[in-house]
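Come along and check each entry against the picture.

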Amino acid sequence: MVKVTIDGLEIEVEEETTILKAARQLGITIPALCYNELIEPYAVCRLCVVELQRGQRTRLVTACNYPLRESVVIRTNSERVQRLRRMNIELLMARAPGAKIIQDLAAEMGIERTRFPLEDSDEKCILCGLCVQACSDVVQAYALGFSERGSKRVIGPPYDTTPETCILCGACAYFCPTGHIKMTDTDGRILHSELTLGPNAAITLPFRQAIPNVPRVNPDYCIHMKTGGCELCVKVCQKEAINFTELAQDSFEEFEVGAVIMATGFQDFDPTPMKLYGYGVLPNVLTSDEFERMNNAASPTGGRIVMENGEEPRSIAILHCIGSRDEHYHKYCSRVCCMYELNFAHLVNVKTSAEVYQLYIDMRSFGKGYEEFYQRILDEGVNVIRGKGAEVVPAYQKRRGEGGLLVCCEDTLIGKYREIPVDMVVLCTALEARADAAEIGRKFNISTGADGWFIEAHPKLAPVSTTTEGIFLAGVCQGAKDIPDSVAQGAAAAAQVMKMFCQGELLMDGAYAEIVEDICSGCRICNGLCPYNAITYDIEKKVSAVNPAMCKACGTCVAACPSGAITGRHFTDEQIYAQIEGILA
Amino acid sequence: MSFEPKIIGILCNWCSYTGADLAGTARMKYPANMRSVRVMCSGRVDPGFIFDALAHGADGVLICGCHPGDCHYVEGNYKCMRRIPLTQRLLQDMGIDPRRLRLEWVSASEGGRFQKIVTEFTEEIRALGPLKLRDMKFDMNRPDRYSLMAEAGDTVHTY
Amino acid sequence: MKPYRINLMVCAGTGCVANHSFEIKKALEDEVKKRGLENEVQVVATGCNGFCAEGPLMVVQPEGIFYHQVTIKDIPHLVEEHFLKGRPVQKLMYVPPDAKAPIPKMSDISFFNRQMLIALRNRGLIDPEKIDEAIGRGAYSALAKVLTAMTPPEVVSLIKASGLRGRGGGGFPTGIKWETCRKAHGEPKYIICNADEGDPGAFMDRSIIEGDPHSVLEGMLIGAYAIGSHHGYIYIRQEYPLARERLTIAVQQAREYGLLGDNIFGTGFQFDIKVARGAGAFVCGESTALMASIEGRVGEPRAKYIHTVEHGLWNLPTCLNNVETWATVPEIILKGAEWFTSIGTGDVSKNPWGGSKGTKVFSLTGKVKNTGLVEVPMGITLREIIYDIGGGIPKGKQFKSVQTGGPSGGFLPASLLDLQVDYEQLTEAGSMMGSGGMVVMDEDNCMVDMAKYFLAFTQDESCGKCTPCREGTMRMLETLERITQGKGREEDIQLLEDLSQFVMDASLCALGGSAPNPVLTSLRYFREEYITHIRDKKCPAHVCRELNVYTIDPGLCVTKGHGCGVCRRQCPENAITGEKNVAHVVSQELCKKCGVCYDVCKFDAVKVA
């Protein structure tokens with residue numbers, strides 16, 4: 001700790017504290033333009049110059065970066081300091097006549113006008129370099145720099161072109177003390193939260209009703225994740241709650257469990273490859289998920305149904321079976337769409353006065369009360385057209401209609417081709433198995449069907465079990481189903497687990513493979529073949545052994561063993577030979 | 001009397017055997033020439049079974065498993081898929097027409113497909129005629145068991 | 001080495017090379033061969049002799065006969081007369097200004113014999129591209145002494161006791177710098193030689209490297225041993241191709257001789273040097289900017305209150321000294337601190353800042369008869385340098401001012417001619433030692449114009465990082481330009497003083513901190529000139545053309561020139577009217593004050609006021 005005197009006031013601060021920080025603790029303001037506490041002092045505006053007296057010697061130092069190491073006397077407002085400050089402001093007034101902060105400082109010091117001829121009167125840049133430092137030291141994007149030197153010095157991207165390294169973070173604009181830097185979306189590279197229907201700040205609550213309701217770092221927008229720099233949040237957070245070393249790497253935890261219920265769910269089908277519907281290309285073409293999000297009271301629109309221009313649509317087309325019941329994508333029916341689409345139609349009717357068109361192949365309202373709901377929607381005056389939506393085009397391509405989009409379809413009930421002008425199109429995308437379902441399946445030794453859904457042990461007799469003992473299925477990961485069905489299946493899976501646990505012991509199938517140690521040559525061919533990792537190699541004995549609890553008795557290893565050391569119980573070679581020979585006898 | 005081939009079908013428990021079952025339940029008619037042997041998985045099919053069947057008088061062997069990607073045991077049918085063509089080459093080397101061995105995928109719901117495959121295969125074997133192996137007892141323990149088979153095989157031109 | 005009867009020391013410094021000294025050397029060799037003297041006469045290309053205005057130079061050793069302004073045409077005559085017949089050639093000898101008889105011997109010429117050579121001890125005596133010749137003159141014997149008989153603290157205390165101060169401008173005591181760096185934490189430590197000589201007109205560093213590069217290497221080796229460093233950099237500017245080449249050769253030869261590298265002199269001491277090139281920015285002579293440049297960053301000074309001896313290059317302890325300082329070190333080691341302190345002013349035994357010891361090299365230029373590089377002991381008066389060594393002001397003009405210390409140095413008036421040249425006295429007078437530039441001005445120089453000239457240089461070289469230097473120097477230059485154009489206002493003097501004070505006090509580095517010196521000293525010693533410019537709109541020296549009024553004396557024009565009309569024809573603005581035998585008249589409305597008429601009139605009829 002060192003004791004220093006600032007403008008007659010004494011204060012004790014830690015060593016290496018800068019004069020500026022010490023003065024702020026005392027409530028003394030020292031003007032500083034190129035200083036920001038989040039950035040290492042650059043000390044170039046020289047506005048914070050103060051008088052420092054050590055013994056008999058007096059010198060001028062910049063307060064922003066002078067580290068206090070010994071007992072000194074500091075004068076922040078002496079006549080000499082004031083003279084320098086006034087001259088500095090006069091020069092900056094001439095350099096950047098447009099900067100309000102300079103004008104304010106000048107007014108504070110009683111300077112009415114500068115003695116120097118003004119540069120461009122809109123100029124605001126005072127070349128303090130905060131933006132350059134923010135871009136290079138904090139963001140580490142290196143998209144801004146100084147060029148030329150001396151009085152010709154300017155700040156800009158390299159060669160005055162749009163810098164490729166710019167990540168559009170806006171840090172430069174944030175740090176600019178004079179408001180010289182502004183963010184404008186000249187080439188449409190900035191994502192608007194209203195358009196993507198998601199937050200684009202790096203640290204946000206995922207959504208308003210998120211559980212747990214704490215902020216998270218979104219790696220898509222986090223500067224640190226992109227460039228390795230920044231970490232300003234770490235500096236700011238007083239609770240030291242942000243830890244990038246932990247965030248940067250996933251941590252692995254091990255649990256010992258007796259049963260696993262797979263409830264990995266589904267993913268939404270991405271309609272981008274279906275070029276005919278214009279998703280991602282045409283404005284106001286949304287997926288059902290995005291539309292659902294918009295309807296949520298906690299959404300960026302606050303639950304209002306609006307187009308990208310913020311206006312309420314006058315007509316909406318809801319297209320069924322996008323990606324499902326389709327030879328090219330998924331042949332199966334996604335089961336849930338018909339009903340939630342009817343719900344969409346209802347919501348639109350409640351919230352807006354828009355016309356709703358439902359384009360369907362077959363209306364599948366099979367559950368309890370579902371058909372009644374369908375009837376209610378019909379009564380609400382929704383236009384229900386039997387015919388799959390064929391194409392969505394901008395209206396001006398075909399003809400100038402009242403809506404911005406044109407939906408083409410064949411109305412099979414009247415046998416006519418129709419073009420429906422609408423303002424907004426909602427694509428009801430298929431439920432599909434998660435992209436990594438097969439990988440997860442391999443990890444848990446359960447198999448996936450051709451559609452990608454996990455296969456149950458028996459479609460009728462064991463609908464929540466899998467071929468692997470102790471692993472059960474619940475929900476859409478097993479196949480498309482709606483919420484009541486998922487809940488029922490989840491409860492069933494839980495009951496299965498309880499049944500297993502209550503028994504206290506595990507009943508195993510009698511069929512499994514066995515290795516006769518004396519015959520096993522230790523070649524380890526079987527080790528790699530086993531899909532269940534049930535065969536291990538004993539290094540000491542130099543033989544392989546089957547763990548009967550993990551073995552599912554497929555017999556692949558039995559067939560492959562070159563020494564004939566593996567016996568598949570209940571399906572031994574002798575038994576099969578005897579069968580064959582018996583048949584042929 | 002016309003030639004009635006003897007065919008051994010080795011069927012996987014989960015798809016093909018069930019498929020055959022379905023064909024039966026659905027009262028689909030297919031030639032009675034094929035007699036089936038159930039294994040848990042097509043991956044269990046040891047080539048020895050095939051040689052044993054042929055040596056004991058079978059004229060053809062049909063292996064059926066789940067469709068690729070649908071295996072109950074994740075990947076047993078892929079193992080089978082690799083073994084059968086090799087066995088076919090081995091048969092050819094021995095002078096036995098490789099067409100006498102066939103691998104097909106039949107799922108539990110494909111009773112019709114099972115019926116079709118068995119009918120076709122039976123007709124094909126019927127056309128190929130009986131496999132005239134010298135009357136011998138196939139002894140698993142004889143070191144020259146396969147060469148004995150080769151001596152007695154079809155007169156197929158190899159290579 | 002083979003002994004020769006005669007050694008012809010041809011100067012091959014940049015100045016003489018520009019005057020074809022390499023061709024002269026070649027012609028001499030050819031001629032010597034033609035005459036069959038190749039076993040008796042050896043031609044040697046040496047470094048700069050300092051008397052650059054008289055180049056190309058040649059010294060015949062061992063007699064010490066000095067020839068100047070030698071041309072290729074002179075060579076056959078010279079070889080025949082001097083080397084065959086033994087008669088030195090009078091017409092190639094130097095004749096001092098205002099004298100009739102030539103001076104044959106170098107040691108008798110006052111330009112040379114008033115000097116005291118320490119840093120330039122080998123000038124003109126060795127071939128800088130041959131390490132053997134340098135070793136023959138004692139190079140690396142100080143290193144041997146240090147490595148074998150002294151401990152590093154002993155070396156540091158010896159340098160401290162000698163009172164040696166940095167010759168690059170700051171005058172920081174070298175011994176203290178070494179000691180701090182030695183004690184600083186951090187490995188490795190770096191040694192840097194600052195050879196980024198940016199002052200216009202100053203070329204002592206170039207001259208030392210071109211003439212005796214090994215003295216610099218030896219100094220750095222000694223410093224490295226004292227500090228405990230194993231890596232050295234020489235930062236040399238790109239504009240010095242010859243110096244760079246000779247330096248590279250010297251480093252390579254030193255490596256071949258085991259004087260650089262691992263296990264030097266078998267003592268296990270290890271040191272090597274890299275030559276780094278600068279791109280010619282003046283500000284890169286500032287130590288932190290120089291280090292930034294070596295690191296590959298933009299050469300701008302840094303604003304930190306941590307000295308580079310603790311956190312310098314790559315943020316590690318770094319000892320940076322200038323070429324002249326490094327070259328002086330071996331002599332101090334050999335001859336001792338007492339010898340060194342016997343030269344110069346003040347007392348450094350108690351306070352290292354208490355005096356200026358040893359010698360300093362100055363580049364003497366401007367309105368002085370003998371221009372060139374001179375090494376003089378500290379404490380010599382300005383008068384001695386300008387009049388005794390420099391030979392006074394040419395054309396009988398009046399001395400007006402001398403500027404010391406390069407473009408940021410101050411102007412000293414005639415009243416301070418008896419000022420002793422040392423760090424403190426120069427600073428007190430408002431100027432500085434700087435790197436050792438010395439520009440003499442006579443009555444024909446306008447002080448406002450000179451201040452503007454030097455400020456224009458520093459303003460142009462300002463990196464623009466900090467507000468005072470970037471904005472302040474620009475506004476100062478703006479004001480000075482206004483004054484020299486006759487648009488000066490009364491309050492401009494006050495404005496200039498305010499700005500100067502602001503720039504000096506608030507700038508980030510020494511460039512801004514010293515840039516206003518010319519303005520401040522000219523205001524201090526020549527204030528009336530400013531007032532004349534502003535109030536009377538006149539330039540007393542007639543330098544500021546916008547303030548001049550050109551008129552034609554009708555009498556002279558007619559009587560002497562008979563209205564020759566040259567001025568009328570040359571005037572680009574057609575501002576002069578007249579005909580043959582009629583007095584010409586300048587139209588003041590049309591005159592753009594270019595001064596062509598004044599320059600072309602052979603009869604001095606054009607008058608300027």
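Before I start on strands: I call two strands paired if DSSP finds at least two bridges between them. I also keep in mind that this is a predicted model.

**Entry 1: a hairpin**

I looked up strand 7 (residues 261-264) and strand 8 (residues 269-278) of chain C, and they pair in the antiparallel sense over 2 bridges. Which residue is the bridge partner of C:Ile264 in strand 8 of chain C? I found that C:Phe269 is that partner. Strand 7 and strand 8 of chain C form a hairpin, with 4 residues between them. In the turn I noted C:Phe265, whose phi is positive, at about 55 degrees.

**Entry 2: chain C as a whole**

Next I stepped back. I counted 25 helices and 20 strands in chain C. The chain has 609 residues, and 54% of them count as buried. I then took the contacts in chain C between residues at least 6 apart in sequence, and 70% of these join residues at least 24 apart.

**Entry 3: where chain C touches chain A**

How many residues of chain C are in contact with chain A? I got 24 residues of chain C, in contact with 24 residues of chain A. On the chain C side, the elements that give two or more residues are helix 17 (447-461), helix 18 (467-484) and helix 19 (492-506). Helix 18 of chain C gives the largest share of that side, 7 residues. Sorted by class, the side of chain C that touches chain A has 11 nonpolar, 5 polar and 8 charged residues.

**Entry 4: two packed helices**

I learned that two packed helices are described by the angle between their axes and the distance between the axes. From helix 9 of chain C, the contact is made by C:Met204, C:Asp205, C:Ile208 and C:Ile209. Helix 13 of chain C brings C:Val323, C:Glu324 and C:Ala327 to the contact. By class I wrote down 5 nonpolar, no polar and 2 charged residues.

A reminder to myself: most residues other than glycine have a negative phi, and most peptide bonds are trans. Here are some cases that go the other way.

- The peptide bond from C:Gln61 to C:Pro62 is cis, with omega near 10 degrees. I located C:Pro62 in the loop between strand 3 (58-61) and strand 4 (65-67) of chain C.
- A cis peptide bond also joins C:Glu187 and C:Pro188, where omega is about -10 degrees. I found C:Pro188 in the loop between helix 8 (174-183) and strand 5 (190-195) of chain C.
- A:Glu16 is not a glycine, yet its phi is positive, near 75 degrees. Its place is the loop between strand 2 (9-13) and helix 1 (19-25) of chain A.
- A:Tyr159 is not a glycine either, and its phi is positive, about 55 degrees. It sits in the loop between strand 7 (154-156) and helix 5 (171-175) of chain A.

Key. Residues numbered from 1 in each chain as written. Chains lettered and ligands numbered in written order. Predicted model: local features only at pLDDT ≥ 70, side-chain atom pairs only at ≥ 80, totals over all residues. Buried ≥ 20, exposed ≤ 12 C-beta atoms within 10 Å, placed from the backbone. Contact = placed C-beta atoms within 7 Å. Nonpolar A, V, L, I, M, F, W, Y, C, P; charged D, E, K, R; others polar.
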